[in-house]
Amino acid sequence: MDFFTAADGLRLAYDDRGEGPVLLCLPGLTRNMDDFEPVVDHFAHRARVIRMDFRGRGASGFDPDYGHYNVLQESQDVIGLLDHLGLEQAAILGTSRGGLVAMTLAATAKHRLAGVCFNDIGPVIEPAGLAYIMGYLGLPPIDPDFDTALREVPKRMGTRFPNVPVEIWANYIRRIWAVADDGTLSLRYDPKLRDATLDQMKAAEGQPAPDLWPLFAALEGLPLALIRGANSDLLSLETATQMQALRPDMIYSDVADRGHVPFLDEPESLSVITQFLDSLT
């Protein structure tokens, strides 16, 4: 793991390994670079896999002004990382929020993109999925310790994530929460991310939902791929179908037995990423 300093002085974490076409992995709203461990394991032999923790997440610094936890700032931080590494372009593998950042970059700095692979995100965010996220965002873990979480998380998530081996659940828990020596759990991100999101939602009250389709359209001419959890409550099949209609060349697969978001170790996910990397060379 390494660090660079953002334009406003905040220290941000990243990991850079492998050789080949640059694949910049951007995590979801509350997640961190550890979500992309399967990508490193499977593709570092053929791609330069760079993983980033957004500000306020993982090993990156917490912003003293939580208002900076927004997609536009995070897209500027991505440009800061590319500049720090001396990279003119990178292909992005964006999970959820990371995919929104990728679309923002398509509209604001398209020349820095070599392609985009979305992990369970598109131009329409389903209210049910957003409501689920708000049910835990910024709140302490429900489970007091790792052993309890390993027992209870599969029960809570089993309808959307059936048939997941226990070792995969163990990896999931270790990635999303900090596990102390005594097994107790804590957040791996700034809880004020909740305040930032609530403020943004309040500011949008009474306004039409933002139309993100023009941002998707801005990806024209770039290699494009989409991984969707078949049980996703955030990215509907209808939206994915419309994305395919607009971009018939888009590499695409539904991932069976996965909701929001696939773990990226599934055969379907690995196949899409393989084809996406092939399209970059």
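Trainee: Where does Arg-258 lie?

Mentor: Good place to start. Keep in mind that this is a predicted model. Arg-258 sits in the loop between β10 (251–255) and α10 (267–280).

Trainee: Is Arg-258 buried or exposed?

Mentor: The general idea is to compare the relative accessible area with a cut-off: under 20% is buried. Here Arg-258 has a relative accessible area of 8%, so this residue is buried.

Trainee: Which residues is Arg-258 in contact with, leaving aside its neighbours within four places in sequence?

Mentor: Look for heavy atoms within 4.5 Å. For Arg-258 the list includes Arg-160, Phe-161, Pro-162, Asn-231, Phe-263 and Glu-266.

Trainee: And how do I read a cavity? How many of 30 Å³ or more does the structure hold?

Mentor: A cavity is a set of points where a 1.4 Å probe fits but cannot get out. This structure holds 1 of 30 Å³ or more, and the largest cavity has a volume of about 80 Å³. Among the residues lining the largest cavity are Arg-31, Asp-35, Tyr-172 and Phe-263. By class, the lining has 6 nonpolar, 2 polar and 3 charged residues.

Trainee: Which element gives the largest share of that lining?

Mentor: Helix α6 (residues 166–176), with 3 residues.

Trainee: Let me try Ala-149. Why is it called buried?

Mentor: Apply the under 20% cut-off again. Ala-149 has a relative accessible area of 0%, so it is buried. Ala-149 belongs to helix α5 (residues 146–157). Beyond residues up to four places away in sequence, Ala-149 touches Asp-143, Pro-154, Ile-173, Trp-177 and Leu-185.

Key:
Residues numbered from 1 in each chain as written. Predicted model: local features only at pLDDT ≥ 70, side-chain atom pairs only at ≥ 80, totals over all residues. Heavy atoms only, no water. Helix = DSSP H or I, 4+ residues; strand = E, 2+ residues; numbered from the N terminus. Buried < 20%, exposed > 50% of the residue type's maximum accessible area, 1.4 Å probe, protein only. 1 Å grid on protein atoms, 1.4 Å probe; cavity = no way out; pocket = protein on both sides within 12 Å on 5 of 7 lines; lining within 4 Å. Points joined across faces, edges and corners; volume = space filled by probe spheres on them. Nonpolar A, V, L, I, M, F, W, Y, C, P; charged D, E, K, R; others polar.
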